[in-house]
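Me: I would like a close look at a single part of this model. Please keep to the contacts.

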Amino acid sequence: MSVIGRGLSKRFAKAARPAIHSVDFNAPSGSITTLLGPSGSGKTTVLRIVAGLEIADAGNVSIVGEDVTAVPPERRGVGMVFQSYALFKHMNVADNIAFGLSVRKEPKDAIKARVNELLELVQLDGLGDRWPSQLSGGQRQRVALARALAIRPRVLLLDEPFGALDARVRIELRDFLRRLHDETHLTTLMVTHDQDEALELSHHVVVMNEGRVEQAGAPHDIYDHPATPFVAAFVGGANVLRGHVTDGRAEVGSFSVDLPTGATEGAAATAFVRPHDVKIAPVPDEGTAARSVTNDAPEVALAKIERLVRVGGMVKVTLKLPSDESMTVEMPKSEIDALSLSEGDRVMVDLRQAKVFVEDYAI
Amino acid sequence: MTRSNATALVTPSRRRSLSSRGRIFLRVVTAGYLGVLIALPLLALLATAFEKGVSGAILAIVSPEARAALWLTLWTGGLVAILSAILGTLTAWVLVRYRFPGRAVISALVDLPLAVPTLVTGLMLILLLGPTTPLGDWLNAHGLRIIFAKPAIILALLFVTLPLVVRTVEPVLREIDPAEEESAATLGASPLTIFRRVLFPALWPAIAVGTLQTFARALGEFGSVVIISGNLPRRTMTAPVHIFGAIESGEPHAAAAVSVVLVAVSVALFVFAEHRLRARPT
Amino acid sequence: MTTPLRRRVLIGVVVVWVVFLVGAPIIALTVGAFSSGFGAVLEALSATDSVSALAFSLALATIAVAVNTVFGTIAAWVLTRDRFRGRTILLASVDIPFAISPVVVGLCFILLFGPHGWFGPWLKAAGIQIVFSWPAMALATVFVSLPFVVREVSLALVEAGTDEEDAARTLGASSLAVFWRITLPNIRAGLLNGVLLTSARALGEFGAVLVVSGGIAELAETGTLFVFRALDDRRDVAAYAMALALAAITMAILGALFVVRRRAAHSPVRTREVLR
């Protein structure tokens, strides 16, 4: 029941650049695949092409091995949940869920039974005669989900399923969706701009930017081995340090980082450093000791703590580097407390355990 | 490789055929509806106006009667547009910002000219101000001629165009937070300064749309004017009434020539107001 | 920010302005019509020619509503949901009837279908009478009331958006099913608005119908033509009574329009108005 897109391209009328360009992806059967990217990256366009709501200028879509490129949406057998939910305002909840079955002219009793079954599945028992306007955001979302599931789709498509909800409901629904998927194992293709959602919910992630696929793979793969600077910066919110290549090493900010051999001397280099990969420690002794450490290990630099912000169990530390660049570090509250650090303190910043992705390019 | 080439060749045509036949049918229906009802009549008008060449058309327009009628229509229309812009904006502001007894009645009265047939409007004004009514008597005794004179034309035009400025300005005004005006007032701005600096910048497109539509509408008004203006050639005969006279006396060419002037001005202004000034949701 | 005095002055100016401009003429018509007694008005309205004039007006309005509802809805759909070359020109042309003098509208149809018009000779050979007969009056009425349905339905379509239609399609509904079951219920209020405005405009049309009727007395008269001729013949009571009846009908239609608008108004908008 996999969904495969091959070479999908689409340019909207009067648009300066294509919405998507030569996009390939594979959403394997029974898993949750996420298209992750910032707004305008073309991910929703891909989803709408899979649903048949947009027609690609080039490329093919196949669902369960069948080429559906020329099949209209009403015959694709996909269930889609829209960002706005798109509930039919003039129908009550039960009629909304029954819609797909009633246009298929299924017998009334069968529809009724199926609607009740779905109401139970999405935990909305007894709310069948409510109107969409009487429901909360989370309830509407679940009605939209039930409506999409009612037609027993081959594939479930979710467009920013949690976009319009507040934080608490988002997390609740995320868990709900995960449990639902564990029960149904329905092949799911989801679109989101939220990396937490993508990494937590999905088995496969396709990162998109400016209409192209940047990287596709398992969530931990994407996170640990970003293939492009964009992925490194977008997934994980890395610090960006700029510099250039000197003696086969990247001199970025106040750090010097190892490079694989063959880097072009003098080329510009950009390093991406994850906030929680950075270790900081108090300066042991003002002056000489610190200098000797930084001399021994060029991946260590001195910095000043500009701000300390406690967010729950984590602390966000904003550092001012000698090169005047800022860097954000995240660490558990307990660790900061153990080091008894506070704003204005000078610290040593250690990138030795950090994953630093260096991209070098000639100017 | 061969397979993918084959699909690349086949799919575009299949893609087009999805639902596009239905779409094209609906486009043709739409173009036919608007073409037959709107474009074709206007083409006939243009062709007739210029059937004796450009000079023939100009000759019909510069005849003393036609020139006087066009001039009368233009200046009364302009005057009414200006009056409507001022009083209409004020009316919209009062209706949006104040709650007072009878507000709903005033609001309903503003919309009434939309409903009243224009001929009936003319008749109403005769019954209000005509020579046989008490008010008309009194006005006559004081030497004020309204009915069968130019003031009647202006009054009728003000009546039929009343909703235009009010109803375009009102929704825009409702979107402006009164707090903006209030905060300007606390900063020491005078009411005039507030209007000029706070309200006008936000309102002017709506006021312009309403004013241009008022002018365009005034140029074409016939029903109310024809029975109250007296229709004296070169004195109180407006352009639409002049066109009517030309049709009745069997001069379709002259009628068409003067019509083209009216249509060109009012259509240009109206379309400009609707599609350039007013931000359209489409 | 407004002192009580300024408030009173501004309200006073607006009330006097609107009441004198609109209220007074309407009262004058009512008083004028009933000055020779309630019975006289009823009598004038129940005369055969009055009744047939009103009926003819209603018939023309019905034709205008039917034509403009069907084609206007299609046009609105095409202009908002479809994209193609020439769309903006069609979009702008929809408003033209609002900007053209009714007299010019009548003239245009005479130039097309009159004895010396483009199709005149052809129509004469075929034995079809359009100008100086009811078909031209119907055409003129359709023309002047054309923009209402297109505009109202376009607005409703834009406001409804395409999400619900898209959702219905993915759920298996055919294009026709989507239109009947999703689009139409969503634009119902807009459509009704358009129909009411169309009928009010059609009933009140005078100039265009006058021109194409050619002033031939034996022809079927509309309500407004009846008023015009009755005034000419000094049948004042008949003229006033018919004018009052026409005004009452069109005002009732406008009243119905307000009820529809109020019902259709979405609750957030209403709350915002209350909060102000």
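How many salt bridges are there between chain C and chain B?

Reply: This is a predicted model, in which local features need pLDDT of at least 70 and side-chain atom pairs count only at pLDDT 80 or more, while totals for chains, interfaces and linings use all residues. Residues are numbered from 1 along each chain as its sequence is written, chains are lettered from A and ligands numbered from 1 in the order in which they are written, and side-chain values use heavy atoms, with hydrogens and water left out.

Between chain C and chain B there are 3 salt bridges (a side-chain nitrogen of Lys or Arg within 4 Å of a carboxyl oxygen of Asp or Glu). One of them joins B:E274 and C:R151, at 3.3 Å from N to O. Helix α1 (residues 4-34) of chain C gives the largest share of the side of chain C that touches chain B, 19 residues; helices are DSSP runs of H or I with at least four residues, numbered from the N terminus. By class, that side of chain C has 64 nonpolar, 12 polar and 11 charged residues. Here Ala, Val, Leu, Ile, Met, Phe, Trp, Tyr, Cys and Pro count as nonpolar, Asp, Glu, Lys and Arg as charged, and the others, Gly among them, as polar.

In total, 87 residues of chain C and 81 residues of chain B take part in the contact (heavy atoms within 4.5 Å). The two chains bury about 7700 Å² between them, with 81% of it on carbon and sulfur atoms; buried area is the accessible area (1.4 Å probe) that two parts lose on being put together, summed over both.

Key. Helix = DSSP H or I, 4+ residues; strand = E, 2+ residues; numbered from the N terminus.
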